[in-house]
There are 2 protein chains.
Amino acid sequence: MAHVEFRTSPARYRHWRLAVDGPVATLAMDVDEQGGLVPGYELKLNSYDLGVDVELYDAVQRLRFEHPEVKAVVMTSGKEKIFCAGANIRMLAASAHSWKVNFCKFTNETRNGIEDATANSGQAYLAALNGTASGGGYELALACDRILLVDDRSSVVSLPELPLLGVLPGTGGLTRVVDKRHVRRDLADYFSTRSEGIGGKKAVGWRLVDEVVPRARWQEVVAERARDSAATSTRLPGGGAVELTELDKTRTDDSIAYQHVSATLDRDRAVAEITVAGPSSGAPSSMGEAYAQGAAFWPLAVARELDDLILDLRANETEIGTWVFRTAGDASRVLAHDELLLAHYDSDWLAREIVLFWKRTLKRLDVTSRSLIALIEPGSCFAGSLLELALAADRSYMLFGVFEDVDPDAAPAAVTVGPANLSGPPGNGPLLMGNGLTRLATRFLGDPDALAAAEKSAGSPLAAEEAEKLGLVTFAPDDIDWEEEVRIAVEERASFSPDALTGLEANYRFAGPETTETKIFGRLTAWQNWIFYRPNASGPDGALRAYGTGRRADFDRKRV
Amino acid sequence: MAHVEFRTSPARYRHWRLAVDGPVATLAMDVDEQGGLVPGYELKLNSYDLGVDVELYDAVQRLRFEHPEVKAVVMTSGKEKIFCAGANIRMLAASAHSWKVNFCKFTNETRNGIEDATANSGQAYLAALNGTASGGGYELALACDRILLVDDRSSVVSLPELPLLGVLPGTGGLTRVVDKRHVRRDLADYFSTRSEGIGGKKAVGWRLVDEVVPRARWQEVVAERARDSAATSTRLPGGGAVELTELDKTRTDDSIAYQHVSATLDRDRAVAEITVAGPSSGAPSSMGEAYAQGAAFWPLAVARELDDLILDLRANETEIGTWVFRTAGDASRVLAHDELLLAHYDSDWLAREIVLFWKRTLKRLDVTSRSLIALIEPGSCFAGSLLELALAADRSYMLFGVFEDVDPDAAPAAVTVGPANLSGPPGNGPLLMGNGLTRLATRFLGDPDALAAAEKSAGSPLAAEEAEKLGLVTFAPDDIDWEEEVRIAVEERASFSPDALTGLEANYRFAGPETTETKIFGRLTAWQNWIFYRPNASGPDGALRAYGTGRRADFDRKRV
C-alpha cells in the first residue's frame, strides 16, 4: 500500500449504499468481503476496516452538503441477519499498534460527526439494526440518535471485546453506554462480559436500545420513525446542494499541495511545514454568491483541504512528529468570510454546515498526536477562524517587528480575535472544542480577567507585543532571536520521546471540563491504547491474536 | 521483600520529621539515602520510593487524628538546597510495570488526601520549597494549598520527566498545572519540556508558585503564612487527640485478619473473600463516648482496617483479581453509628475526620484495579456507610429468600439506604466519589426518577425483590440459582484479560462528570501507564533505563 487516501465518492463505494428518498436518506452497510484496504483478511459479516470507515465518513459529509433536503438518516445493513460485526479482528490482530490507534481515532471522529449532524445539522441518525450489532457495530449504533432492533429471537446487541478479544469496546462504546445512554453501571458491566449479547425487551429495559420491533412490522416502523424524525428536524433552509467535487491534490514524497493548503515534509527534522492561504478575494456579499461558488467557496475549500491533509499526515506520516502552521493572506478577508457565515448560521444550512465543518476539523487537530506549533510572521492572516490554528497549537511564536533581511518595509505580523473565537451564541460559541469551551476559554481557564481582555480585543489587529501581553501567543521574539528560538523549539521536539509528547499534549490540550466526547478520547482511548499494547492482547499468546485460531489466550494474571 | 507493609508510626520514620508547634505542624522530608524499600538504589536528593510515601501517608493521617490542634501544615525539606527530586529514577527503571503503576496510584491517593485535609479538615498544607522541587517533588508541592519558593537564583520548580526520562509528570502534575493552578497551556507545555526548571518572578508570573521569598526572610515569611493559614482554618473543635494505635493484623499466606475485617485469599480462583463486620454493640450516645473508645470506635477501626487491607492486597496480591465483599452484623447499629457521625459532622473534628476517612477509603476502592463483587446474604448489614461497599462494586448479588439448607429460619437479607448514601449537606453528600457525585447518583446517572426512588427508600430495610426493582442491586437470584450464578460470575472474571477488566472498570465506575481528581486517575494515569509500558520509556534503550548511564535513549520515532 503506497499510502492511505481519504478522498472517495459514492460512485467508488464498495461497502456502503446511499439512497435518498425525499427527506429521508438510507445508508446501508453492505461490506465487500474482498474489499479490504490491506491484503490478509476478509471482511466477513459486515466487519470493517479503515477503508469501510473512509466511505462512511465521505457519506456523512456528502449528506450534509449534497443533500440539503435530507432531514433524517437511517443507518442499516444491506445484509440479512447481521447489522455489523465491528472492526475486523484479523485486521486488528495483524496491524501495528500505531495503525490500530490511528484507525480507532478516525472511527471515533466519524461517529462524533454523526452525533454532530444529529445535534446541529437537523440530520438525525437512526440505527435500524435489522440483525445483530456486535462490538464496533453496536458502537456505531450508539452514535446514532435512536436505536431500533429487530425482535426476531436471534438479533442482539453485544460488546464482546472483553470476553472474546481481551480488549475494550474502545471506540466510544464504554463511554456512550453509561454516559450517553445511561445504562446502569452494573448492568453495563454484565452486558460487556456477556459475549452472546442481549436482545428483545431486556435490551430496551436496560436502555441498550430504544425499541424492539417485530420483523413483520420492521420496514413500516423504521420508515415511521424516520418520518417522525424528519418532521421535527431543525435542518435549515437555504440554497441548493453543493457538490463536494474531487479535491485537487498533488502528493510527492516530500510535499502535499492543494489549492489553499500546502505542506512540505522535512523527514530529517521530522517536521511538516504547513501553510494555509487566506481568501484570494473578498467575501461574497451574500450566501447566494457563496452557493454559486460552491465547493470553491474559500471557507469550505480550505476546510476540506485541511481536513484531508490532517488525515493523510496522521495515517501516512507517523514519523513526522511536529506540524508547523503558517498562514498567508489578508486577515480582513478571513474575518469577512467568518462574518458572512456567522450572520447566516441560524438561517442558512450551508453557512451552518461550513462552520460545523470548521469546528470538526479543528477538533481533529486537538486530538492529533503531533506537536503543533504556530509561526506568526509578516504577511500572515491569523484572524478569526484561522486564529484558531494558533490557539489549537501547543505553542505559538509571533515575530516582533519584521525580518530585516527579507523585507524591512513589510507590515509586522498581527493577530486578530474575531467573532469566530468568542463564546456566546450560536451554540455557545461557533468553534467549541470537544470539552464544550472555546479555545480562548480553555486557554484562559480560571483566569476570567485574561479571557475578558482577550475577547474585548475582538476586531483589533494586535501586534506582537500586545498579543503576547494578552496571552494570545506564547513567545514574541524579535528578528535577532527568531531563527534560533524557533529552530530549537522544533529540534527539541524531535529529540523527545514521541510517546511522552503524545501523553503531554493529550493532557494539556484538554484543561477544563470533560464531556462524553473528551472522555472517549481521553479516558477510554488512553486505556485502550495501553491494553492494545499489552501482551495479554497483542502478544503471540494474547487474546487478539488467539481469536479464531482455536487456541486459548494465555494471560499474565497480574492486575496492574 | 516478603510483602509491603503500610503500617508505620512516627517513631519508625526514616524519611520524615514531624514537629508540632501549637496550631502549626511542620513535616520535613529528610530522606535516608540508604533507606530504600528494596535494595538496588540510593534515595539521593530527597528522592522517594514507596517506603517514603508510606511514611508521608501515615503522617498525614496522624495529623488528622492525633493533632486536633493543628490548623496548618508546612511541608518542607530537611536538606539544604533541595526540596525533593521526585520519584527515584533507578527504582522506577528497575521496577516491574505493575509496581510502577501501583506506586503511582498510592502516591496520587496521598496527595489527594492532602488536598482533602486542606479543603475539608481545616489543615491547609503549605509547600515551603527551601530548595529545588523537581518532578514528583514539584507534584507534591502542587497538592498543597499554597507554594512558596525560596528566591536564591538557583532554586526552581521543574517537571523534567518528559525531556529527561521520556515519561509524564504522571502523579497529578500535568493535570494540576493546568486544571488546578491554571497555568496557561502553552506556557505549561514550554515549562514541561525545559528540564532546568523555572524560578523567581517568572515562576510566580506563570502561576507555577504563589510567592518567591528571599532566603534572608524565608523562615519569617513561611511562619507568617502558616500562622495566617491557621488563623483562617475551619478546623472544628471537639475532644482530645485520638491515638492511632497499631492495627492488630494477622497475615498468613492465605488470609489477612483484623478485628472487624478479614480476608481469605483463594489463589486458585484468584479471589479474595472479604468480610466486614458491623458494630458489636450499639452506637455511643454521644461523641464523648466515641472519644473514650478512641481507635476502637467502630467506624474508625473498621475504616483503618479496610484501608490497610486494600493497600496490602493491591501491593502484594496482584494475581488476586477479584475481591468479593460480604458484611456481617446488625444494620441498625451501622446506621446508628452513621447517624452519630453525621449529626456532628459540622461541629466535631473527630466525627468529620471519620466520615472523611470513609470517603477516602471508598475512593480507594473506586480506583482499585480489581473486580469488585458484593454478595448480600442473610445476616449481612449493607446499610448506610456499609451499603457503599455494594454501590462501589462492579456488580452485586442479593439472595432472594434464605439458604434453605443452611438456616431456613434466618431473616432474609436486607439492604438499607441511609443518610450516608444521600446527596445534600454536608459537602454535597458525605461520601462523594471523586467525580463529585454520590455513588447513588453515579449509579442512576441520567435517571432522576430512579435516583429519587432509591433515595426515598432511605431508612427502610429492603428485601431482595424491592432492592432489585429499585436498582440497588444487580441480581437477586434465589437459593436454587445462587451458588451457580455467583460461581460463574467469579470464575468468568478470572478467565478474562486482567488488563481489559482494569480498563472496563476504570471507564464504567466513573460515569458522569470528571474532576481534577478523576482526570488524574483517568486521563493522566491511563496515558502514563501506556507510556510506562512502551519501549521508548522502559525498553533496554528507553529513556527511563538510559537515564544516568551516559547513553542516549534510542526512540522509535513513530507517533501513535
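# Strands, a pocket and selected residues

Strands E14(B) and E15(B) form a hairpin in which four residues separate the two strands, and Ala270(B), located in the turn, has a positive phi of about 60°. Strands (E, at least two residues) and helices (H or I, at least four residues) are DSSP runs numbered from the N terminus, and two strands pair if DSSP finds at least two bridges between them. The structure is a predicted model, in which local features need pLDDT of at least 70 and side-chain atom pairs count only at pLDDT 80 or more, while totals for chains, interfaces and linings use all residues. Residues are numbered from 1 along each chain as its sequence is written, chains are lettered from A and ligands numbered from 1 in the order in which they are written, and side-chain values use heavy atoms, with hydrogens and water left out.

## The strands around E15 of chain B

Strand E14 (residues 261-266) of chain B pairs with E15(B) in the antiparallel sense, through six bridges. Within this pairing, Val261(B) stands opposite Val276(B) of E15(B). E15(B) is also joined to strand E16 (residues 322-328) of chain B by seven bridges, and these two strands run parallel. Here Ile274(B) has Phe325(B) of E16(B) as its bridge partner.

How many of the seven residues of strand E15 are buried? Five of the seven residues of strand E15 (residues 271-277) of chain B are buried, so the strand is largely enclosed by the rest of the structure. Buried means under 20% relative accessible area, exposed means over 50%, and partly exposed lies in between (1.4 Å probe, protein chains only).

## A three-stranded sheet in chain B

Chain B also contains an open sheet of three strands in the order E5-E8-E10, with parallel pairing. Strand E5 (81-84) and strand E10 (157-158) of chain B are its edge strands, each pairing on one side only. Two bridges link strand E8 (residues 131-134) of chain B to E10(B) in the parallel sense. The bridge partner of Ala133(B) in E10(B) is Val157(B).

## Accessibility of selected residues

| Residue | Relative accessibility | Class |
|---|---|---|
| Asn421(B) | 0% | buried |
| Thr416(B) | 3% | buried |
| Ser255(B) | 22% | partly exposed |
| Arg207(A) | 27% | partly exposed |
| Lys81(A) | 47% | partly exposed |
| Lys201(A) | 66% | exposed |

Asn421(B) belongs to the loop between strand E20 (415-416) and helix H15 (439-443) of chain B, and Thr416(B) is found in strand E20 of chain B. A polar atom of the side chain of Asn421(B) lies 2.7 Å from the backbone nitrogen of Gly418(B). Apart from its neighbours within four places in sequence, Asn421(B) is in contact (heavy atoms within 4.5 Å) with residues including Gly384(B), Leu387(B) and Thr416(B). Not counting residues up to four places away in sequence, Thr416(B) touches nearby parts of chain B, among them Leu335(B), Phe382(B), Gly459(B) and Pro461(B).

Ser255(B) is located in strand E13 (residues 255-257) of chain B. Its side chain and that of Thr252(B) are joined by a polar contact of 2.8 Å. A polar contact is a pair of N or O atoms within 3.5 Å; within protein, one must be able to donate a hydrogen and the other to accept it, and residues adjacent in sequence count only if both atoms are side-chain atoms. Ser255(B) and Leu265(B) are 10 residues apart in sequence, with 5.6 Å between their C-alpha atoms.

In chain A, Lys81(A) lies in strand E5 (residues 81-84) and has a positive phi near 70°. Arg207(A), in the loop between H8 and strand E11 (211-214) of chain A, has a positive phi of about 75°. Lys201(A) lies in helix H8 (residues 200-205) of chain A.

## The largest pocket

The largest pocket has a volume of about 770 Å³. Among the 44 residues that line the largest pocket, the closest to its centre are Asn112(A), Glu115(A), Asp116(A), Lys363(A) and Glu517(A). On a 1 Å grid over the protein atoms alone, a pocket is an open set of points where a 1.4 Å probe fits, with protein on both sides within 12 Å along at least five of seven lines, and lining residues have an atom within 4 Å of a point. Grid points are joined across faces, edges and corners, and the volume is the space filled by probe spheres set on the points.

Which helix gives the most to the lining of the largest pocket? H3(A) does, with nine residues. The lining of the largest pocket divides into 15 nonpolar, 14 polar and 15 charged residues. Ala, Val, Leu, Ile, Met, Phe, Trp, Tyr, Cys and Pro count as nonpolar, Asp, Glu, Lys and Arg as charged, and the others, Gly among them, as polar.
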